[in-house]
Each structure stands twice: as structure tokens, then as C-alpha cells.
Amino acid sequence: MITLKIKDLDKVNERVGENNLLITCSNCPYWNYSRETVDEIAGKLNAGIYNVDRICEREAIIVDVLDYDSVLVFSCGAGTQVISEVLDTEAIPVADTYALGVRFGEVIRTYCQACGNCILDQTAGLCPITRCPKGLLNGPCDGMQRGMCETGEHSCIWALIFRRMEKKHKLDDFLKINIPPVGRK
Ligand code: SF4
Ligand code: SF4
């Protein structure tokens, strides 16, 4: 799922008029924010809500923007740009696109930052760029204790990578890990 962080709504409010529309992408954002949160955002920003199943499907967006002072969007950055293009208007995001997450009960854990240079083939399918707080490409660091990250909040991802490769009898490959600098191609 794409995970979003709601912006400072007081700052967003400084940019909008009295009668606004908040367009939401029903399929994605509700994964990490509730319907009630969307209602609260709309209330704070004097906006009615227009739900689109998937903003990526451009033909589903039918709105007369002349009826509104400002068009706000609660979706990923791609969705906000689609709204701007399809409606030929300024689209104001109310959230920052953060990362790709996985739900564990009520908790969303970030698993991928869409870095554009996936190294999971070298790291036993686990992402240290995202799941090591230091983003280390050559862990574990000396803070690891009994398989736990030095933060004490979760397992050390490099310990998990090691264990998984050990199980597959690939420790030689672990020692050879030589990940190139990460960056978008
Ligand atoms: S290496 Fe990059 S693309 Fe692959 S899971 Fe990690 S952040 Fe995502
Ligand atoms: S203990 Fe492991 S996960 Fe935590 S910062 Fe060090 S290398 Fe990264």
C-alpha cells in the first residue's frame, strides 16, 4: 500500500478559499487513514468530499471545478497530478506520499521507499535501505544485540538477512554482498 502523511492543515488552509472540494482516492488512502480522518480533514478545510475509486483511472473523474474555490486531493502524488491534468486546475495535496507499507493489525510498517534501484535479489528479499534505521548497506552495525536493532524496537534487518541466507547455505554470498550506491536510474 502507498502510505501518506497528512500535511500541516493550518498551512494548507492558508491557501484555500471558502468553498472547496476534497477529492479522495478510495482504494489507497483508507488503508492507512480512516474514513473519519478524511471527514475531519474536509471539515477543517471547508471542503465537500468527492470519492473516486481509483484516481489513476482518469475517466472516472467528472467534476465541475468552477463550483469550487479550491480543489484539494488526498491521494499519492501521482493521483494529485492526475487531478490537476484531468480537471485542468491547480490541485492542492493534503498529504505527503511517504512510502510503501504493510499492515500488521493496526500498525503500518514501511517496507519500501521506491528507491528505483531494488537490491532485494542480493539481500534475501529483505530491504535494509528501508528497514534499517541507518539505511546501512553493510550491516549489521555494532549496535545489534541478540538479533535486535539497537533501537530496541524491532529485529535487526541485517540479522534477518544473515539468518535467511544461512538457512539457504548462502553465507558465502552474504560475505560477497557488494551493493552499488543507491539512486534512481
Ligand atoms: S531496495 Fe529500493 S525498491 Fe527495493 S524494497 Fe528497498 S527501497 Fe524498495
Ligand atoms: S542494529 Fe541492524 S537494523 Fe539496527 S541500525 Fe544497526 S544494522 Fe541497522
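## Surroundings of ligand 1

In this predicted model, the shell of ligand 1 consists of Cys112, Gln113, Ala114, Cys115, Cys118, Ile119, Leu120, Cys127, Ile129 and Thr130; a residue is near a molecule if its C-beta atom, placed from the backbone, lies within 6 Å of it. Eight of these residues are nonpolar, two are polar and none is charged. In this classification Ala, Val, Leu, Ile, Met, Phe, Trp, Tyr, Cys and Pro are nonpolar, Asp, Glu, Lys and Arg are charged, and the others, Gly among them, are polar.

## Surroundings of ligand 2

Ligand 2 has 14 residues around it, and the closest are Cys132, Gly139, Cys141, Cys149 and Cys156. The shell of ligand 2 comprises 10 nonpolar, two polar and two charged residues.

## Fold and dimensions

The chain contains six helices and seven strands, which are DSSP runs (H or I, at least four residues, for helices; E, at least two, for strands). Their order along the sequence is β-α-β-α-β-β-α-β-β-β-α-α-α.

The radius of gyration of the chain is 21 Å, whereas a compact globule of 185 residues would have one near 16 Å; the value is taken over C-alpha atoms, and the globule rule is 2.2 Å times the number of residues to the power 0.38. The C-alpha trace spans about 65 × 30 × 25 Å along its principal axes.

## Numbering and confidence

Residues are numbered from 1 along each chain as its sequence is written, while chains are lettered from A and ligands numbered from 1 in the order in which they are written. Local features need pLDDT of at least 70 and side-chain atom pairs count only at pLDDT 80 or more, but totals for chains, interfaces and linings use all residues.
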